Amino acid sequence: MSSKHHLRLPGIAYGGDYNPEQWPEEVWAEDMRLMREAGVTMVSVGIFSWALLEPAEGVYDFTRMDKILAMLQENGIAADLATPTAAPPAWFFKTYPEALPVDRDGRTLSYGSRQTFCPSSPAYRKAALRIAGALAERYADHPALAMWHVHNEYGCHNAACYCDISAAAFRTWLRARYADDIDALNHAWGTTFWSQWYYSWEEVLPPRATGADPNPAHGLDWRRFCSDELLSLCTAEREVLRRAAPDIPATTNFMVMRNFDALDYWRWAPELDIVSNDHYLMSTDPESEIDIALSGDLVRSLAGGRPWLLMEHSTGAVNWQPVNRAKKSGEMRRNALAHVAHGADGIAYFQWRAARAGAEQWHSAMLPHAGTDSQIWQDVVQLGTDLKALAEVRGSTSPARTAIVWDWDARWALEQPSQPSGAPRFQDLVRDWYAPLWRAGVAVDFVRPDAPDLDRYRLLLAPSLYLVDDAGAANLAAFTERGGTLAVGFHSGAVDENCHVRLGGYPGAFRDILGVRTDELFPLLPGETVGLTGEVPPGATADLWSERLRLAGAKAVASYAEGSLAGVPAVTRHHHGNGTAWYLATRPDPTTLTALIDRIRHDAGIQPERDAPAGVEVVRRRGTDADYLFLIDHTGNGAQIPAEGTELLTGKPVSGTVTVSPGGIAVVREPR
């Protein structure tokens with residue numbers, strides 16, 4: 001990536017979504033004053049302003065946007081200017097009702113919220129590119145413009161449309177994927193089953209609602225198509241903006257978080273000048289700090305190891321969960337700086353000023369309903385000061401030697417219907433393995449199965465890789481043969497890229513690497529556990545899954561202690577080439593899994609960044625001349641951590657140890 005496509009702002013960018021159109025113009029001057037007080041350096045504008053910018057087809061009114069951008073420029077605040085295409089206006093749907101989305105059951109959805117369009121609609125694409133072009137032509141040279149913000153949260157509400165227009169687009173995508181060979185599609189989908197053979201492309205439909213379980217290969221290609229179709233919209237808008245302003249970087253906000261899986265961001269990330277993300281906590285998650293870390297590490301990996309931007313998170317409660325809890329004292333600050341620790345070079349919120357009306361009126365903001373006489377406002381101002389103190393951290397990276405294999409195809413395939421068990425969920429299985437590394441302070445990257453340059457890692461973990469193609473399996477095998485350590489979770493390697501079962505015994509593609517063979521799967525019932533014995537902690541148990549596994553060169557580390565599989569290996573270790581491969585054929589309880597992950601990483605020579613008490617997060621960012629050690633106390637107990645250098649948030653020198661206050665944060669510059 002050329003340097004001209006970097007965000008040309010000093011330090012860590014700070015701000016949020018700014019929607020002044022929701023407020024009378026006399027409020028805007030106060031917004032500017034308070035933004036300066038808070039240390040805001042960049043805001044996203046225009047995200048949901050299509051109806052005001054284009055009040056009728058081809059008729060534009062830029063009066064309001066002209067004033068807003070001028071005020072931002074006068075106040076030294078950069079603009080991340082959005083194309084407003086996530087929320088088409090009512091007049092568009094009255095004119096083009098065929099652009100409304102259709103759900104799996106055949107119901108046409110109405111306009112009246114956001115993302116109520118069919119991603120394959122030619123009318124929508126034409127209108128979206130027209131408004132993007134009008135914005136680009138008017139504002140390409142505006143001095144406030146720092147970045148283009150393409151659309152908003154692609155696929156959040158309309159990841160799939162099942163209308164006839166989408167069906168035709170799906171067929172076009174399939175013809176390209178299968179080289180216009182209908183027999184190749186039939187083979188890939190296994191359509192001899194249930195008499196699903198297709199004789200012409202016109203017979204192929206989206207996986208609409210039917211009376212029985214759908215074809216998993218059909219469903220998987222549909223997920224791939226839906227991701228690609230939205231990506232084509234994103235890149236089309238990006239090209240319109242790039243032609244007008246080739247030196248201005250463009251981004252769109254990903255949603256790498258627990259409850260979203262619609263898009264294959266490995267395919268999306270290379271298309272962006274800057275990778276950015278939205279992340280929100282789930283109120284029911286007792287350890288949401290782990291989800292923040294996992295998301296940040298994955299987004300950094302999508303960005304090719306480079307820093308990224310956090311475009312949205314919340315100062316307090318959101319509005320879209322069954323119960324929306326406020327954040328506890330100090331939590332907002334810990335959340336934001338944890339994102340910085342895991343690679344964010346920008347921190348932003350939805351939104352600047354809490355709305356009085358609309359669907360998100362109960363969503364928290366930087367300036368809450370209570371105004372400046374509030375804890376949130378005090379925290380917002382303090383965070384601005386913190387980020388200014390951390391300016392030199394910008395551009396630093398992560399020194400990870402451990403990577404977790406993450407693949408959206410594998411995730412989508414695992415969660416298709418008709419599995420041996422519907423209980424295993426990709427995100428949960430990955431987090432189970434990530435959590436012990438996080439608690440130990442081990443730096444983690446994420447990689448795709450076919451990633452090049454795996455030799456920079458000592459340890460690869462594949463907690464859930466149900467689907468893997470031959471190239472991905474060979475890549476992981478070669479890593480192990482060259483001396484790496486690989487650990488694989490249950491039900492991995494089971495199917496190929498078309499969801500065809502790999503015959504000859506499980507775990508399919510990984511049998512030889514792991515030195516094991518399973519002839520039968522025995523998923524466990526809800527609430528059912530089985531004891532483990534061997535090189536595991538006393539009282540070890542497992543749940544969710546078991547297998548009738550036999551050794552084929554590997555050695556048993558743990559076995560089932562009871563039941564019909566008593567004595568059968570459950571955890572194995574195998575020398576493969578110059579490396580070592582582990583297999584966990586079940587889901588051990590958290591204590592046992594932690595002990596196993598610790599043993600695996602010790603065998604691979606992976607050590608924590610710094611010894612710290614339980615509950616103190618330790619993360620290192622590596623700069624050109626110094627390292628930056630982030631220490632975040634999630635326990636409320638405080639800690640003393642070995643360190644040498646300067647604590648950046650206070651400017652105080654550190655010699656021997658640094659004090660992390662209860663629930664607080666320290667960031668130590670350690671010269672190399």
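Hi everyone, let's start with the largest pocket: 43 residues line it, and the ones nearest its centre are Phe48, Ser113, Arg114, Ala359 and Glu360. Before I go on, please keep in mind that this is a predicted model. The space in that pocket comes to about 1,100 Å³. Helices α2 (50-53) and α4 (90-95) each supply at least two residues of the lining. If you like to think in residue classes, the pocket lining has 22 nonpolar, 13 polar and 8 charged residues.

Rolling a probe the size of a water molecule over the atoms shows where empty space is left. How many cavities of 30 Å³ or more are there? The count is 9.

The largest cavity has a volume of about 140 Å³. Its lining is made up of 19 residues, and Asp297, His342, Val442, Ala443 and Val619 are the closest to the centre. By class, the lining of the largest cavity splits into 9 nonpolar, 4 polar and 6 charged residues.

On to the second largest cavity, which holds about 90 Å³ of space.

Last topic: helix packing. Two packed helices are described by the angle between their axes and the distance between the axes. My example is α11, residues 331-341, with α12, residues 375-389; their axes come within 10 Å and cross at roughly 30 degrees. Angles under 35 degrees count as roughly parallel, so α11 is roughly parallel to α12. Is the crossing left-handed or right-handed? For α11 and α12, the crossing is right-handed.

And here is who meets whom. From α11 we have Met332, Arg333, Ala336, Leu337 and Val340, and across from them in α12 are Asp379, Val380, Gln382, Leu383, Asp386 and Leu387. The residues of this contact are 7 nonpolar, 1 polar and 3 charged.

Methods. Residues numbered from 1 in each chain as written. Predicted model: local features only at pLDDT ≥ 70, side-chain atom pairs only at ≥ 80, totals over all residues. Heavy atoms only, no water. 1 Å grid on protein atoms, 1.4 Å probe; cavity = no way out; pocket = protein on both sides within 12 Å on 5 of 7 lines; lining within 4 Å. Points joined across faces, edges and corners; volume = space filled by probe spheres on them. Nonpolar A, V, L, I, M, F, W, Y, C, P; charged D, E, K, R; others polar. Helix = DSSP H or I, 4+ residues; strand = E, 2+ residues; numbered from the N terminus. Axes fitted to C-alpha atoms, helices over the stretch in contact; angles between N-to-C directions. Parallel < 35°, antiparallel > 145°, perpendicular 65-115°, else oblique. Left-handed = near helix turned anticlockwise from the far one by under 90°. Contact = heavy atoms within 4.5 Å.
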